Amino acid sequence: MFATSVATITAAGTASKLGTMVLGLAVFAVVFVGILLFASLFKGRVGEKVQAVAFVGPTLLFISIALIYPAILTIRRAFYDGKFFDLNFGSLRSRGKFVGFENFQLLWTTPGLPEVFRNTVFWVVLVPFLATAFGLLYATLIDRARGEAAAKALIFLPMAISMVGATLIWKFVYFYNGDPGSNQTGLLNAIITKLGMDPVDFVGNAPGNTFALIAIMIWIQAGFAMTVLSAAIKAIPDEIIEAAKLDGVSGLKMFRFVTLPSIRSSVIVVLTTIAIATLKAFDIVQASSGGKLGDSVLANEFYNRSFVTQQPGLGAAIAIVIFLLVMPIIVFNVIQFRKDA
Amino acid sequence: MSTATPPPVSAAVAGVAVGEAAREDALPRKKRRRGSAAGNAAKSVTSPWASVIAIVMALAWTTPTFGLLVTSFRNQADIQETGWWQALSTPFTLSNYSAVLSGAEGQPPLTDFIVNSFVIAIPAVMLPLFLASLAAYAFAWIDFPFRNLLFVAVFALQIVPLQIALLPLVTMYQNIGIGGTYWSLWLSHSAFALPLAVFLLHNFMKEIPASLLEAARVDGAGHVRIFFQVLLPLITPALASFGIFQFLWVWNDLLVAITMLGGNAGNGSNAPLTMVLNNISGTLGNRWYLLSAAAFISIAVPVVVFLSLQRYFVRGLLAGGTKG
């Protein structure tokens with residue numbers, strides 16, 4: 001009887017959830033159709049103007065309210081103290097105390113945060129370069145090979161998986177059985193013990209666990225690098241390759257002096273894109289230990305400080321730091337692109 | 001892009017890459033298959049080694065997933081005693097899947113959260129598609145003051161990491177009474193997606209020959225009719241590729257969900273699968289018979305979407321844009 005009632009509740013819950021979804025979709029569709037109907041009422045010169053406003057207006061309004069305004073509030077919040085994050089948010093009337101740059105000072109005076117910065121540096125340096133290197137290597141190796149599409153899908157697939165899922169997959173590879181004499185059921189420790197060495201608690205101890213988690217991000221991002229670079233390699237004009245061949249260039253030299261320079265801008269784009277994704281990724285650390293084992297990164301501390309330790313001012317300061325770190329990478333990217341174009 | 005998913009190509013390639021993608025599609029299939037002379041030349045010398053390295057890499061990239069997949073079909077006792085590579089000597093079972101789906105070890109049944117993930121993802125894909133297709137059309141084909149300036153502004157917003165907008169949004173939603181609801185998730189995901197969506201769809205719309213639109217205008221069609229009858233059918237592939245991007249992104253998201261729902265992934269909550277997975281990864285410790293099955297249930301949908309629509313996904317990736 002208990003089971004039946006649970007099933008009924010679940011079924012009712014599901015129906016009401018789906019109802020909410022249909023309602024949401026209907027509201028969004030009505031907005032969409034409403035805009036179009038409204039815009040079609042006007043003709044001629046005036047119509048042109050009304051249509052421009054009706055088409056662009058909703059997006060601009062939405063972005064302003066849900067993206068720009070909150071961003072400004074976050075920047076403001078970073079200069080106030082207070083325990084709960086809603087003290088200064090949502091209204092311009094502030095009940096927290098203005099503390100100047102105190103929250104930013106906390107960035108290096110709070111115990112544990114200097115290590116977070118150090119870990120973040122490891123992530124942002126290692127992930128882009130290694131993921132790009134693996135992606136480029138693989139793209140070059142399988143180019144024109146039989147079954148290229150299938151071979152690509154193998155490397156590419158981790159990108160479809162959530163970072164939480166990927167972390168679980170790898171936690172199992174890293175799994176450590178502390179009980180001496182018992183079987184190691186994690187793949188890596190099984191190999192290590194077969195080779196006669198002691199098993200390692202990969203995700204349990206700092207600073208090693210940071211590198212174990214970095215490997216997961218590389219595993220995810222290599223497929224992205226491979227896809228973009230493979231497209232770039234295929235876009236190199238055949239004449240360039242033929243000319244180099246006539247000059248007797250081949251093998252690694254061909255790669256170093258012909259292929260690599262030709263895809264230079266794509267390589268930079270891939271490096272910078274992965275660097276940005278890495279700076280913002282919090283899921284891997286969160287799903288592994290929550291950052292409690294000396295393996296935290298900035299994006300994870302943003303969440304921890306804002307919600308877990310209830311220091312929203314510090315959380316806001318960390319968000320600003322992430323923003324400031326991302327910005328130069330993108331500016332560099334755009335400048336680089338301009339130079340090439 | 002928190003989210004494993006679409007680590008999006010930077011904005012910079014976009015202009016070029018869209019053209020490339022279009023050209024690549026235009027080429028007859030036979031010609032494309034020839035591949036590039038560059039790869040060929042590099043390989044001809046290092047060939048045996050090349051194959052070995054490629055195979056080793058492919059194995060290294062697939063083995064972890066395969067190992068957990070095998071594990072999800074083994075009995076609890078077997079998982080604890082032997083590695084998955086010895087699975088052939090032990091029986092296989094579906095009990096792990098039925099256990100997580102109906103709720104085991106004090107966990108809420110996973111079926112609820114599968115529904116949540118769909119209910120969150122579908123409207124969160126449709127709303128930005130609706131809004132962005134309109135805005136992209138105006139930016140591409142209607143002349144109005146400050147058009148370029150506004151477009152660059154929207155484009156530039158892609159660099160804003162979502163972390164910086166997230167906290168105030170939570171309070172704003174609470175103030176208008178939709179805190180912790182699906183609406184808060186739909187609106188947040190849409191807001192974070194719009195800059196990329198507008199940029200991506202604009203690039204595709206610009207590719208459409210102006211003569212087509214001129215012809216429609218001469219026939220007396222207004223912007224609304226042109227949008228519906230001329231442009232929408234032509235940019236369906238672009239809509240599809242952005243839609244897939246956004247679906248995978250929302251489905252795989254953890255940060256927005258955990259923030260908006262205040263970390264509540266309990267029974268009857270609106271939490272998506274990723275949040276439950278994150279929770280049990282901590283609470284279930286090393287009970288791999290549950291973790292492995294739960295992981296594969298959450299992975300199944302994006303992988304199927306991805307494999308069946310890979311062509312659109314890659315096109316979207318190459319057409320690029322960064323995502324908060």
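So, what pLDDT does chain A average, and what share of its residues score at least 70? The average is 86, and 91% of the residues score at least 70. Keep in mind, everyone, that this is a predicted model.

Let me stay with confidence in chain A for a minute. Helix H4 of chain A, residues 113-142, has the highest mean pLDDT among the chain's elements, at 94. The lowest belongs to helix H1 of chain A, residues 2-40, with a mean of 80. Residues 1-6 of chain A have pLDDT below 50, and that stretch has zero contacts in the model beyond near neighbours in sequence. Residues 87-92 of chain A also sit below 50, but there the model has 18 contacts beyond near neighbours.

Now over to chain B. Its mean pLDDT is 81, and 84% of its residues reach 70 or more. Helix H6 of chain B, residues 110-141, has the highest mean among that chain's elements, at 93, while helix H1 of chain B, residues 11-26, has the lowest, at 38. Two stretches to flag here: pLDDT stays under 50 over residues 1-35 of chain B, where the model has 98 contacts beyond four places in sequence. Residues 41-45 of chain B stay under 50 too, with 13 such contacts. Where pLDDT is low, the predicted coordinates should not be read in detail. As for the model as a whole, ipTM is 0.87 and pTM is 0.87.

Okay, how do the chains meet? On the chain A side, 121 residues are in contact with 110 residues of chain B. Helix H2 of chain A, residues 44-77, gives the most to that side, with 19 residues. If you sort the chain A side by type, you get 78 nonpolar, 29 polar and 14 charged residues.

Let's zoom in on H2(A). From H2(A), the contact includes Ala66(A), Leu67(A) and Pro70(A), and from H8(B) it includes Ile164(B), Pro168(B) and Met172(B). The residues of this contact divide into eleven nonpolar, one polar and one charged.

And where does H2(A) bend? At Ser64(A), by about 40°. What about its span? With 34 residues at 1.5 Å a residue, H2(A) should span 50 Å, and its end C-alpha atoms are 47 Å apart, which agrees.

Two backbone details before I stop. Most residues other than glycine have a negative phi, and most peptide bonds are trans. Here, though, the peptide bond from Ala206(A) to Pro207(A) is cis, with omega near -5°. You'll find Pro207(A) in the loop between helices H7 (187-194) and H8 (208-234) of chain A. Then there's Gln310(A), which is not a glycine but has a positive phi, near 55°. Look for Gln310(A) in the loop between helices H13 (298-308) and H14 (312-340) of chain A.

Technical notes
Residues are numbered from 1 along each chain as its sequence is written. Chains are lettered from A and ligands numbered from 1 in the order in which they are written. This is a predicted model: local features need pLDDT of at least 70, side-chain atom pairs count only at pLDDT 80 or more; totals for chains, interfaces and linings use all residues. pLDDT is the predictor's confidence in each residue, from 0 to 100. Helices (H or I, at least four residues) and strands (E, at least two) are DSSP runs, numbered from the N terminus. Two residues are in contact if their C-beta atoms, placed from the backbone, lie within 7 Å. Ala, Val, Leu, Ile, Met, Phe, Trp, Tyr, Cys and Pro count as nonpolar, Asp, Glu, Lys and Arg as charged, and the others, Gly among them, as polar. The expected span of a helix is 1.5 Å times one less than its number of residues. The bend at a residue is the angle between axes fitted to the seven residues ending there and the seven starting there.
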